[in-house]
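Thanks for coming. Please have the sequence and the structure open while I talk.

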Amino acid sequence: MKKISVIGAGAIGAMFGGLIKRHNPNLEVVMIARGDHLAAMQDRGTVELRGDWGKYDVPVTASSEPSAITGSDLVLFTVKTQDTAATAERFAESIGDAVVVSLQNGINQRILSKFLRPDRLLVGMTATNMGIIAPGVIDCTRRGVSVIGAASADVPAEIVDHAAQTLSSSGLPVEASDSILGVQYNKLLFNTMGYASVLSATDFLRDGIFNRTWRTSVAMPILDEGFRVLEAAGIPLQKASGGSDVIRLRRLMRMLAVPGLDNVVRMIARGPLAPPRLVFSVYQDLLRGRPTEIEFVNGEIARLANECGVNAPYNAEVVRMVHEMERSTEKKFMSREEVAEHFRSLRRD
Ligand SMILES: NC(=O)c1ccc[n+]([C@@H]2O[C@H](COP(=O)([O-])OP(=O)(O)OC[C@H]3O[C@@H](n4cnc5c(N)ncnc54)[C@H](OP(=O)(O)O)[C@@H]3O)[C@@H](O)[C@H]2O)c1
């Protein structure tokens, strides 16, 4: 492998691409980006990566032009889901025969396969947490597991293994799966609850899942609905390694109904073993007045439900409420209790 390109070298893409370059200095790594973030990487000729390792300044080539990625062996595709179609169309010719790995949220293979070679298309999910904290500077706050797999049966297994090895050379944990769709939906269901926590700017674990009212009125109805819809659609969920597995999380949430356990959990949530703050990108997008990925997460469950002739009122309501916030000029979040009461009223309707 000689050349890797990242299309949409924002938080996830620039971190993976930059760490791969850091550990494979002879590899050419091209970052496709735009705006101030692109300008900062071009001016300095590096991307700054922060994490539990401290700070790395990694030399990279940065561009916005499709011609810059010509001749790539591997392309990481990491634009926000709403930008997938336009970006894939613009870069398809320059991607050529490269293996493409999408690490986006949502089920993007439907869109990508319209533009890219099906026998070279891999998709996946990442349970890491990254953010652009300043132009050209990416921060890794959570080293979660990433899982990739073939988007279709056309992809030879050795291509998946090779891509997983390349991504693992970033130093971040990466696994290959032969049931990637079930893994993607696992992460998608996790995010359906996470995106609902954004309605009240609630920290998902500490103040959300570990709070009985929010958990039973908002998180569990949304997750149970997601399980029902996937079952109706005949989509089997696949277990995911790491802390974002919804099969385990659902079991945990049910266990927390045992009297007394809640108090123990609340103490843990406030103590030194408290889980790290989980910020969902929908929150940042709303604050910046940008479109969110809500249609591709809660909207995906609502869409599937519609297709199968079942109801998904909770996910549909999250989509409606987030769209309302996208349109509003005043960035005002509800309180956690208001959201919980609103979701309880849906149950009564
Ligand atoms: N960040 C996380 O921790 C995390 C965790 C799990 C999953 N994900 C998923 O990973 C995907 C990427 O998320 P992210 O947080 O890395 O997003 P991001 O920081 O917004 O990165 C995407 C980058 O692509 C750029 N871009 C979009 N279209 C482009 C084009 N045509 N040409 C050049 N640059 C273009 C964007 O520029 P603009 O800013 O100008 O649009 C942005 O800098 C999403 O699906 C997200 O849900 C993210």
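First, the ground rules. This is a predicted model, where local features need pLDDT of at least 70 and side-chain atom pairs count only at pLDDT 80 or more, while totals for chains, interfaces and linings use all residues. Residues are numbered from 1 along each chain as its sequence is written, and side-chain values use heavy atoms, with hydrogens and water left out.

Helices (H or I, at least four residues) and strands (E, at least two) are DSSP runs, numbered from the N terminus. Two strands pair if DSSP finds at least two bridges between them.

Start with the sheet of eight strands. It is open, its order is E5-E2-E1-E6-E7-E8-E11-E12, and the pairing is mixed. Its edge strands are E5, residues 61–63, and E12, residues 174–176, each of which pairs on one side only. On average, neighbouring strands here are turned by 20° against each other, direction ignored; axes are lines fitted to C-alpha atoms, for helices over the stretch in contact, and angles run from 0 to 180 degrees between N-to-C directions.

As a reminder, strands of a sheet pair through backbone hydrogen bonds, either parallel or antiparallel.

Now look at strand E6, residues 74–77. Which way do its side chains point? Leu74 and Leu76 point one way, Val75 and Phe77 the other way, and all are buried. Buried means under 20% relative accessible area, exposed over 50%, and partly exposed in between, with a 1.4 Å probe and protein chains only.

Strand E1, residues 3–7, runs parallel to E6 and is joined to it by four bridges; Val6 has Leu76 as its bridge partner in E6. Strand E7, residues 99–102, is also parallel to E6, again with four bridges, and Val99 in E7 stands opposite Leu74. From E6 the chain passes through helix H3, residues 84–95, to reach E7, and this β-α-β crossover is right-handed. That term applies if, with the strands pointing away from the viewer, the path from the first strand over the helix to the second runs clockwise.

H3 lies across E1, E2, E6 and E7, at about 170° to E6. E1 also pairs with strand E2, residues 28–32, in the parallel sense over five bridges, and there Ile4 has Val29 in E2 as its bridge partner.

Helix H2, residues 35–44, lies across E2 and E5, running at about 145° to E5. H2 also lies across E3, E9 and E10, at about 110° to E3, which brings us to the other sheet.

This one is open too, with four strands in the order E4-E3-E10-E9 and mixed pairing. Strands E4, residues 54–59, and E9, residues 129–134, are at the edges with a single partner strand each, so one side of each is left without a neighbour in the sheet. Its neighbouring strands are turned by 25° against each other on average, direction ignored. Strand E3, residues 46–51, is antiparallel to E4 with six bridges, and Glu48 has Asp57 in E4 as its bridge partner. Helix H1, residues 11–23, lies across E3, E4, E9 and E10, running at about 100° to E3.

Next, the ligand. Which residues around it come nearest? There are 24 residues around the ligand (a heavy atom within 4 Å), and Ile12, Arg34, Asn105, Met130 and Glu293 come nearest. An N or O atom in the side chain of Asn105 is 2.7 Å from a ligand oxygen. A polar backbone atom of Met130 is 2.7 Å from an oxygen atom of the ligand, and for a polar side-chain atom of Asn129 the value is 3.3 Å.

Finally, the loop residues. Thr292 is in the loop between helix H11, residues 281–287, and helix H12, residues 298–308. Is Thr292 buried or exposed? It counts as buried, because its relative accessibility is 5%. Its side chain makes a polar contact with the side chain of Glu326 at 2.6 Å, and the Thr292 side chain also reaches the backbone nitrogen of Ile294 at 3.2 Å. A polar contact is a pair of N or O atoms within 3.5 Å; within protein, one must be able to donate a hydrogen and the other to accept it, and residues adjacent in sequence count only if both atoms are side-chain atoms. Beyond its neighbours within four places in sequence, Thr292 is in contact (heavy atoms within 4.5 Å) with residues including Gln82, Val282 and Glu326.

Asn211 sits in the loop between helix H7, residues 204–209, and helix H8, residues 212–233. Asn211 counts as buried because its relative accessibility is 16%. The side chain of Asn211 reaches the backbone nitrogen of Thr213 at 3.2 Å.
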